[in-house]
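Have a go at each task before you read its solution.

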Amino acid sequence: MSDAVPDQIYFEDIDVGDSIPELEKSPTSQQLVQWAAGSGDFYQIHYDTSYAQDTGLDDIIVHGALKHAFLGELLWRFAGPEGQVKRVQCSYRGMDPAAQGRESAQEKKFTLRGTVTRKYTEGERNIVELDIEGVRADGSVSTPGQGVVVLPSRG
Amino acid sequence: MADQEFESAITDEMRALIGVKGPETVSELTTTSVRMFARSVGYVDPAFYDEDAAQARGFRSLPAPPGYLGTPIFNPADSDPTFGGRRGGGGFRSPYPLVLNGGTDIEYTGEQICAGDTLTSSTALASLNERWSGALGVPMLIQVSETTYTNQNGKVVAISRGTGISYPRPGD
């Protein structure tokens with residue numbers, strides 16, 4: 001279980017090429033229903049297996065925007081309580097399934113990762129750019145993207 | 001591999017819609033809606049759930065998690081029953097029946113977005129492109145829509161770009 005509020009990291013502590021702490025998710029059908037309510041997207045392919053199969057899918061799939069929000073949480077945790085998330089961008093290159101019934105959520109593990117690609121100062125803001133990605137249990141990347149955060153300085 | 005040649009589906013009428021803003025949508029953020037969104041993503045940070053914790057971190061109220069730009073005010077008279085936004089949406093319509101969500105890009109200006117805020121947004125078609133899908137054997141139309149969100153004080157808080165990919169049913 002990750003800490004509710006990670007320790008603050010500072011601009012000076014970051015180097016290009018650094019990996020940031022990973023975030024692990026295991027989306028279940030329950031989470032997709034919670035997301036439907038939280039986001040307002042009630043498209044049936046995300047919680048109704050028969051409906052999803054009628055559209056040609058194998059089963060229900062994770063909402064693209066939920067994968068974007070997972071990447072947002074990865075960056076929120078990296079930026080820490082004094083940092084700020086400036087940008088979250090991702091492409092949906094493939095569908096991701098959700099665990100259902102007695103299936104182990106671990107089989108549908110979805111890991112969020114990031115690597116620092118650039119750091120610079122703009123005015124008084126310390127900006128860090130990252131490559132970010134959502135990775136399936138088999139190691140394939142379904143959701144590549146980029147993120148930008150502002151970090152505090154040790155001053 | 002060279003792209004297969006195909007007839008463009010993009011018309012002058014479609015190009016004329018680029019940059020034209022659609023009708024405004026008003027979205028609300030409440031303490032309950034922020035908690036629901038944060039819970040559905042799986043956040044454990046108390047700033048999204050406890051107003052005292054949020055204020056101790058310098059937020060006016062519960063902050064919006066990344067990706068949450070409010071919930072469009074629902075009214076069955078003119079809201080879409082599945083997606084909650086304005087029914088029909090207006091503006092650009094792809095000639096192709098099948099649609100995939102290609103990607104999401106949200107840039108924040110740095111203004112706080114918190115429970116209690118009301119965001120007004122409008123969407124414009126930003127670009128139209130086409131490419132051949134070798135995997136499906138059909139042409140694909142790639143549209144990028146840009147939505148600007150302005151808060152109740154007239155400040156732009158975020159710009160969101162969504163990529164939609166539409167294509168004909170393979171075999172048709």
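**Exercise 1: the sheet**

Work out the strand order of the open sheet of 11 strands.

*Solution.* Reading across, the order is β1(A)-β3(A)-β4(A)-β5(A)-β2(A)-β3(B)-β6(B)-β5(B)-β4(B)-β1(B)-β2(B), with antiparallel pairing. Strands here are DSSP runs of E with at least two residues, and helices are runs of H or I with at least four residues, numbered from the N terminus. Two strands pair if DSSP finds at least two bridges between them. Next, look at the edges: β1 (23-25) of chain A and β2 of chain B each have a single partner strand, so one side of each lacks a neighbour in the sheet.

A word on the source: this is a predicted model, in which local features need pLDDT of at least 70 and side-chain atom pairs count only at pLDDT 80 or more, while totals for chains, interfaces and linings use all residues. Residues are numbered from 1 along each chain as its sequence is written, and chains are lettered from A and ligands numbered from 1 in the order in which they are written.

**Exercise 2: across the chains**

Find how strand β2 (residues 84-91) of chain A is joined to β3(B).

*Solution.* Start with the bridges: 5 of them join these antiparallel strands. Then pick out one position, where Cys90(A) stands opposite Thr104(B).

**Exercise 3: the contact**

How many residues does each chain give to the contact?

*Solution.* Chain B gives 28 residues and chain A gives 32 (C-beta atoms, placed from the backbone, within 7 Å). On the side of chain B, β3(B) gives the most, with 8 residues.

How values were computed. Two residues are in contact if their C-beta atoms, placed from the backbone, lie within 7 Å.
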